[in-house]
Amino acid sequence: MNTTNDPFHAINALLAGIQAKVVVVDFHAEATSEKVAMGWHLDGRVTAVLGTHTHVPPRRAGAAGGTAYQTDVA
């Protein structure tokens, strides 16, 4: 891999240009910890963070700021 994108910086840049009332993030990641971290990062700023890829049952169903969260929906 020559270059990589930091998903936390990338989502911040994307959200800066979105004015929708409902924002759902589908986060495809290798580890549940990556998805949990993104859920906390976006807590209160998006409607939901839905993880895919690891096929692990949910670790938590929501966050303190009101963002819905699911570790894996697929």
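Analyst: A crossing is left-handed if the near helix is turned anticlockwise from the far one by less than a right angle, and right-handed if clockwise. Helices (H or I, at least four residues) and strands (E, at least two) are DSSP runs, numbered from the N terminus. This is a predicted model, where local features need pLDDT of at least 70, side-chain atom pairs count only at pLDDT 80 or more, and totals for chains, interfaces and linings use all residues. Residues are numbered from 1 along each chain as its sequence is written, and side-chain values use heavy atoms, with hydrogens and water left out.

User: What is the mean pLDDT of the protein?

Analyst: pLDDT is the predictor's confidence in each residue, from 0 to 100. Its mean for the protein is 86, and 86% of the residues reach 70 or more. Among the elements, helix α1 (residues 7–16) has the highest mean, 95, and strand β3 (residues 68–70) the lowest, 88.

User: At what angle do α1 and α2 pack?

Analyst: Two packed helices are described by the angle between their axes and the distance between the axes. Axes are lines fitted to C-alpha atoms, for helices over the stretch in contact (heavy atoms within 4.5 Å); angles run from 0 to 180 degrees between N-to-C directions. Here the angle is about 35 degrees, and the axes are 11 Å apart. The crossing of α1 with α2 is right-handed.

User: Which residues of α1 meet α2?

Analyst: Pro7, Phe8, Ile11, Asn12 and Leu15 do, against Ala37, Met38, His41 and Leu42 in α2.
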